[in-house]
Amino acid sequence: MSGVRGPVVERVVHAAPFWTLTAFDRLPPDPDVAFPAVLLLPPHAGHCPTLIRDTVAAFLPGHAVHVAAWTDARDVPLAAGAFGLGEAAEAVADMTALIGGSVHLVAMAEAGVVGIAAAALLEARGAAPATLTLIGGPVDCRADHAGLAAGAAALGLDWFVRTVIAPVPAPFAGAYREVFPGFFTLTGFLTSTLDRSLSDHKELFLRLVAGDGTDGHRAFFEEFLAVMDVPAEFMLQWIEAVLIDRPFALDADGEEPLRVATPLMTVEAGRDAFGGGGQTHAAHLLAADPDGGCRHTEPEAGRFALFHGARWRASVFPRVADFIASHAAPPARRAATPAEDLLTLPGLTPALAARLNREGVYFVRQIARLDDSAADDLDRRLGTDAHPVVAALGREARRRLMAGRP
């Protein structure tokens, strides 16, 4: 926000068998400013959470970013039990409680229905999220232009159990757990968009041959081709809920559907091969005010462009950030502590303090927040790695803050 470069520290808030809540602590020039807390729910159909790296980077300058990192099911022992849609919604509710205060949920692709269920669960507990944003992914498949729902209904759930579910082999920690293998997600996407996939890979190859810049293409393919296994119960319940039985649809079995009062924003891609054509915007029919909220369709874009790449950064993210800002309190300043000036730390010279300032470190509490890895990295940037000083400064800073004195 200030244009001053500063370190970002990745911190595990809580680790459970099927998920990890990770916070990205940004150390700003003014650590007293509190930014809106955002919990990002990555797609959960076989892609690794690193697919939303670009999403995290866009939110970092003006938000307190947290990510629900789903675990590769092949690494979860059978003793950990099952993890279906209900457990996923409970997990998001638990993460929101761990973050505390006002939290904005942003759910991408298949995690959209998890976000809706979690918002309803939190509302019932009197701890509703500040906002809910759904980016891509179907909610109500009546506008089924791709034929996915019709095909799933025709095949039946038993076909999916027999065809796309397999046990994890030894020697993985999750041996014998039933999963939806990640390579099925990759294969399904590549075959359904074969022409586009071939042209993209051909373009990448030609750029490599020509020696042209390929960093953007290469980075995306590295993330996109990294896949993981999904618990079978989650994938089967998602298929049943979204594609076959459709309990999130307005007229599901003649019963009143789930309702959420949380302010809602939906984002769709104009060229989404899977869940476009109003399937995400239909979530507003589940809102307490169906005519309220915010809707945005990104023309001539595919699903992954909604949270990765130039379109995400230039068009989608500003709208999402504006929606969150319109439902967030103005940045508040926390109470200051006596320990502020870096020069109060013993052994820190004005010259070293100036170099720390250039790295975005201005206050004692910023030094106190650095773990060993971040301290080593800062020493390397300062050129003091031969005789490390940051870790020692951090220990002194933490001691002072715990003692409550300058």
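This is a predicted model: local features need pLDDT of at least 70, side-chain atom pairs count only at pLDDT 80 or more; totals for chains, interfaces and linings use all residues.
Q: Which residue just after α3 takes a positive phi?
A: Helix α3 covers residues 112-124, and the residue in question follows just after it. The phi there is about 75°, and the residue that takes it is Gly 126.

Q: Is His 66 buried or exposed?
A: His 66 lies in strand β5 (residues 64-70), and, leaving aside its neighbours within four places in sequence, its contacts include Leu 21, Val 38, Leu 40 and Ile 99. A residue counts as buried under 20% relative accessible area. His 66 has 10% relative accessibility, so His 66 counts as buried.

Q: Why does Thr 20 count as buried, and what is its relative accessible area?
A: Thr 20 is found in strand β2 (residues 19-26), and, leaving aside neighbours within four places in sequence, it is in contact with Val 12, His 14, Ala 15, Val 67, Ala 68 and Ala 69. The cut-off for buried is under 20%, and Thr 20 is buried because its relative accessible area is 18%.

Q: How many aromatic pairs does the model contain?
A: Rings of Phe, Tyr and Trp pair if their centres lie within 6.5 Å. By this rule, the count of aromatic pairs comes to 7.

Q: How many residues apart are Phe 59 and Trp 312, which form an aromatic pair?
A: The rings of Phe 59 and Trp 312 are 6.0 Å apart, centre to centre, with 45° between the planes, and the pair is tilted. Phe 59 is in helix α1 (residues 53-59) and Trp 312 is in helix α10 (residues 310-326), so that the pair links distant parts of the chain, 253 residues apart.

Q: Why is the pair of Phe 304 and Phe 307 classed as it is?
A: Phe 304 counts as buried at 13% relative accessibility, and Phe 307 counts as buried at 1%. Planes over 60 degrees apart count as edge-to-face. The ring centres of Phe 304 and Phe 307 are 5.9 Å apart and their planes are at 70°, so the pair is edge-to-face.

Methods. Residues are numbered from 1 along each chain as its sequence is written. Side-chain values use heavy atoms; hydrogens and water are left out. Helices (H or I, at least four residues) and strands (E, at least two) are DSSP runs, numbered from the N terminus. Buried means under 20% relative accessible area, exposed over 50%, partly exposed in between (1.4 Å probe, protein chains only). Contact means heavy atoms within 4.5 Å. Rings of Phe, Tyr and Trp (its six-membered ring) pair if their centres lie within 6.5 Å; planes under 30 degrees apart count as stacked, over 60 as edge-to-face and the rest as tilted. The expected span of a helix is 1.5 Å times one less than its number of residues.
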